[in-house]
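Trainee: I have a structure open and want to learn how to read it. Can we go feature by feature?

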Amino acid sequence: MEDLANILWRALSGSHRQLSVGSDRARRYSRELPALFGFSDPSRPDFDGIAAHCEAGDHLYCTEWTGDAPMGWKVEVDTKVVAMIWKGARPAIDDSLAATRLTESHVEEMRALARLTRPGPFARQPMGLGEWWGVLDAGRIVAMAGERLHAGTLHEVSGICTLPQFQRRGLAGRLTQAIVRRQLDRGETPFLHVMPENTGARALYERLGFDTVREAPLRVVTRL
């Protein structure tokens with residue numbers, strides 16, 4: 001099974017290095033992308049490596065690191081996240097799913113949907129990280145899913161969410177399968193993250209074909 005250990009750092013320092021800033025020991029995505037950062041060695045975090053790229057009041061997410069916050073930083077949230085990887089067969093083409101490739105013209109609406117449903121840290125410019133697909137109703141986005149972390153052949157499915165009044169119709173699962181199929185066709189291995197307490201989503205992903213690999217520390221920190 002593929003190893004997802006410190007996958008955030010591997011994306012920031014590897015396939016997405018050109019989209020990130022920092023040092024050889026600590027990097028974060030540029031400001032238009034998700035507020036995520038990572039360390040090459042979480043047991044020896046280099047906050048100085050990203051300090052110049054953060055402003056006071058910035059809220060940033062990181063995984064793996066569990067030590068004390070250095071002076072000038074504060075841990076706001078200290079929790080865990082579950083990493084899951086695709087182990088299923090290639091999903092069949094779903095001709096009944098009217099999915100639309102989302103573009104820059106949809107970004108403001110995508111951000112509004114993310115603020116409402118809280119699928120995790122969402123970028124100002126999500127298109128910079130990969131493809132995004134949505135289901136539209138009367139021209140409005142009612143469900144969406146896209147791509148985020150990319151490290152070698154590993155590619156994350158992310159931002160999976162549905163308007164409350166359109167939930168329980170299978171839209172999130174079907175969009176996830178559509179993205180998984182496209183990633184597999186590119187020779188990639190899909191993976192995703194889900195909060196441990198989100199048991200409904202985790203059960204859905206397991207039914208689709210994802211297996212749990214590990215549970216990792218997840219923190220939200222603020223630059224004071």
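Trainee: Where is the place of Glu64?

Mentor: Helices (H or I, at least four residues) and strands (E, at least two) are DSSP runs, numbered from the N terminus. Glu64 sits in the loop between strand E4 (59–63) and E5. Its phi is near 80°, a positive value in a residue other than glycine. This is a predicted model: local features need pLDDT of at least 70, side-chain atom pairs count only at pLDDT 80 or more, and totals for chains, interfaces and linings use all residues. Residues are numbered from 1 along each chain as its sequence is written, and side-chain values use heavy atoms, with hydrogens and water left out.

Trainee: Is Glu64 buried or exposed?

Mentor: Buried means under 20% relative accessible area, exposed over 50%, partly exposed in between (1.4 Å probe, protein chains only). Glu64 has 16%, so it is buried. Ala138, in the loop between E7 and E8, also has a positive phi, near 55°. Ala138 counts as exposed, because its relative accessibility is 85%.

Trainee: What is the place of Thr162, and which residues does Thr162 touch?

Mentor: Thr162 is in strand E9 (residues 154–162). Contact means heavy atoms within 4.5 Å. Not counting residues up to four places away in sequence, Thr162 touches Leu113, Thr117, Val142, Ala143, Gln167, Leu171 and Ala172. Thr162 is buried, at 8% relative accessible area.

Trainee: How many residues has the largest nonpolar core?

Mentor: A nonpolar core is a set of buried Ala, Val, Leu, Ile, Met, Phe, Trp, Tyr and Cys residues joined through side-chain atoms within 4.5 Å. The largest here has 36 residues. Met110, Met144 and Tyr205 have the most contacts inside it.
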